[in-house]
Amino acid sequence: MQHYSQLKQDIFALKTAKNKTYIEIGAAYPVKISNTYLLEMNGWKGFSIEINSNKASTWSENKERKNKLYVENAITFDYINALQENNLPKHIGFLSVDIEPPENTFSALKSVIEQGISFDCITFEHDKYQSNIDYDPIVKSYLKDYCYEVAVDNVFTMRKFRLESSQPKINKKCYLETWFVNKEIYKETIDYVDWLKANE
């Protein structure tokens, strides 16, 4: 299946969420590496948030994206008001959380969760491969308290690194996300490699 997101987050949402709605925290561009473009093209309703005005300006040039983009700070954003503005329920199908740095991503996650909004599934970018603090176990513990289980673990991308200046670059797995589901639809936790094989 055609996908537009970096790691097939859009495919995960399509195949997991029961409710065809989304909130996207850290939207970046309307199509390129978008976690929600495919969803909107399949009739999903939702809204996106992007604080970078340069990235957000590219949305006005795209005529396909009709769902609202807010150019605001996702940590202090009023999610309940946005749900009302967009005629959306308090239980949403998919939450994508990906801003920089990881501590801000975690703060944004807490903000939306603690405003009383629930989800079928969540993709969270912790960037453990380059972060001084490993937010992966922190987020797993936090979301477990709100009845979410790990659906897909060890989500990674391959990047080239040079171990020494005199050596050629080598490919290395960079673990950067964990994907969660509401306990009501939880089946099992699988590794990203196995999930990719099952969703080729």
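The lining of the largest pocket divides into twelve nonpolar, ten polar and ten charged residues. In this classification Ala, Val, Leu, Ile, Met, Phe, Trp, Tyr, Cys and Pro count as nonpolar, Asp, Glu, Lys and Arg as charged, and the others, Gly among them, as polar. The model is a predicted one, in which local features need pLDDT of at least 70 and side-chain atom pairs count only at pLDDT 80 or more, while totals for chains, interfaces and linings use all residues. Residues are numbered from 1 along each chain as its sequence is written, and side-chain values use heavy atoms, with hydrogens and water left out.

Let me stay with the largest pocket. Its volume is about 560 Å³. Of the 32 residues that line the largest pocket, G26, K55, D98, I99 and E100 are the closest to its centre. A pocket here is found on a 1 Å grid over the protein atoms alone, as an open set of points where a 1.4 Å probe fits, with protein on both sides within 12 Å along at least five of seven lines; lining residues have an atom within 4 Å of a point. Grid points are joined across faces, edges and corners, and the volume is the space filled by probe spheres set on the points. Strand 1, residues 21-25, and strand 7, residues 170-182, each supply at least two residues of this lining. Helices (H or I, at least four residues) and strands (E, at least two) are DSSP runs, numbered from the N terminus.

I turn to the second largest pocket, with a volume of about 380 Å³. Its lining comprises 15 residues, and F12, K15, T16, A151 and K187 lie nearest its centre. Nine of the lining residues are nonpolar, two are polar and four are charged. Which elements each supply at least two residues of this lining? They are helix 1 (9-16), strand 6 (148-161) and helix 7 (192-198). The largest share, three residues, comes from helix 1.

Helix 1 is itself mostly covered, with six of its eight residues buried. Buried means under 20% relative accessible area, exposed means over 50%, and partly exposed lies in between, with a 1.4 Å probe and protein chains only. The buried residues of helix 1 are Q9, D10, I11, F12, A13 and T16.

Next, the strands. Strand 1 and strand 2, residues 45-49, pair in the parallel sense over five bridges; two strands pair if DSSP finds at least two bridges between them. I23 has F47 of strand 2 as its bridge partner. Strand 2 is largely enclosed by the rest of the structure, because four of its five residues are buried. On to strand 3, residues 68-70: strand 2 pairs with it in the parallel sense over three bridges, and F47 stands opposite K68 in strand 3.

Strand 1 is also joined to strand 4 by four bridges, and these two run parallel. I25 stands opposite V97 in strand 4. Strand 4, residues 91-97, is mostly covered, with six of its seven residues buried. Six bridges join strand 4 to strand 5, residues 118-125, again in parallel, and I92 has F119 in strand 5 as its bridge partner. Between strand 4 and strand 5 the chain passes through helix 5, residues 102-114, and this β-α-β crossover is right-handed. Right-handed means that, with the strands pointing away from the viewer, the path from the first strand over the helix to the second runs clockwise.

Two individual positions deserve mention. P102 lies in helix 5 and is buried, with a relative accessible area of 8%. P102 and C174 are 72 residues apart in sequence, and their C-alpha atoms are 15 Å apart in space. L38 lies in helix 2, residues 37-41, and counts as buried at 10% relative accessibility. L38 and Y4 are 34 residues apart along the chain, with their C-alpha atoms separated by 6.7 Å.

Finally, the cysteines. How many disulfides does the structure hold? It holds zero, a disulfide being a pair of cysteine sulfur atoms within 2.5 Å. C121 is buried, with a relative accessible area of 0%, whereas C147 is partly exposed, at 34%.
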